[in-house]
Amino acid sequence: MPYNRTQLIAQARQLLNDGTGLFWTDPELGDWVDQGTLDVSTKGRCVEFGTPILLQPNLNFYTAPSGAIGIEAVVYSTDGKALANLRLRQFGHVSAGNDNRASSYAHYGNTLYFFPVPGIQEAVTVFYWVSTTTVDLLPDGYETLVLLYVLKMARLKEQRYAEAAQLNAMYLAELQFQRNDLQDREPDSKEKLRLPDRIVRNG
């Protein structure tokens, strides 16, 4: 069961053995919950949203979704076909196709670029990561990371630096473990996306 902000504060206080709140106040612990949530969502890229963009004929650049810190995927809303993720420098060096559809995209700054230039109006859905201070938006299981962050900050205030360093190491190791399957990927290539040749066996 996921923890909300109030429950995380209570859990941290229990682990710190500070039921009175004389040394660590609730507002202080709450600030660390928010800071930890921001750090986890930014480094872990675990909070994802999807938003539609309507591609227009002869226009190949569009404003990226507000608050996006990275793009996970862009797919056509009609048939779910995914566009390849390329670098801008690769545009013009890959096959453009002949179906009036963009086949690839690049994310640079606050702009999404599409190649080849769309020839028809068609909607795509952009899936993107955001940073947040709202712990309720984290996927289940990520609250443990926030708790480790809070405990680290609490030990730093207490000037127990060795324990704080140990908690920080645990926090970073768990964050890396959670993000292993969300690491930034190399740009897609047709070879990587190509289906293996079918093998036909007689009999």
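Lys 157 lies over the face of Phe 23, 4.7 Å from the ring centre; a charge counts as sitting over a ring if NZ of Lys or CZ of Arg is within 6 Å of the ring centre and within 35 degrees of the ring normal. Arg 101 is placed likewise over the face of Tyr 76, at 3.8 Å from the ring centre. The model is predicted: local features need pLDDT of at least 70 and side-chain atom pairs count only at pLDDT 80 or more, whereas totals for chains, interfaces and linings use all residues. Residues are numbered from 1 along each chain as its sequence is written, and side-chain values use heavy atoms, with hydrogens and water left out.

Phe 23 also belongs to an aromatic pair. Its ring and that of Trp 24 have centres 4.8 Å apart and planes at 90 degrees, so the pair is edge-to-face. Rings of Phe, Tyr and Trp (its six-membered ring) pair if their centres lie within 6.5 Å; planes under 30 degrees apart count as stacked, over 60 as edge-to-face and the rest as tilted. Phe 23 is partly exposed, at 38% relative accessibility, while Trp 24 is buried, at 4%. Here buried means under 20% relative accessible area, exposed over 50% and partly exposed in between (1.4 Å probe, protein chains only).

Tyr 62 and Phe 114 form another edge-to-face pair, with 5.7 Å centre to centre and 80 degrees between the planes. Because Tyr 62 lies in strand 2 (residues 61-63) and Phe 114 in strand 6, this pair ties together parts that are 52 residues apart in sequence. Helices (H or I, at least four residues) and strands (E, at least two) are DSSP runs, numbered from the N terminus. Phe 114 is buried, at 0% relative accessibility.

Phe 114 leads on to the core. The largest nonpolar core has 42 residues, of which Val 40 and Phe 114 touch the most other members. Such a core is a set of buried Ala, Val, Leu, Ile, Met, Phe, Trp, Tyr and Cys residues joined through side-chain atoms within 4.5 Å. Helix 3 gives the most to this core, with nine residues.
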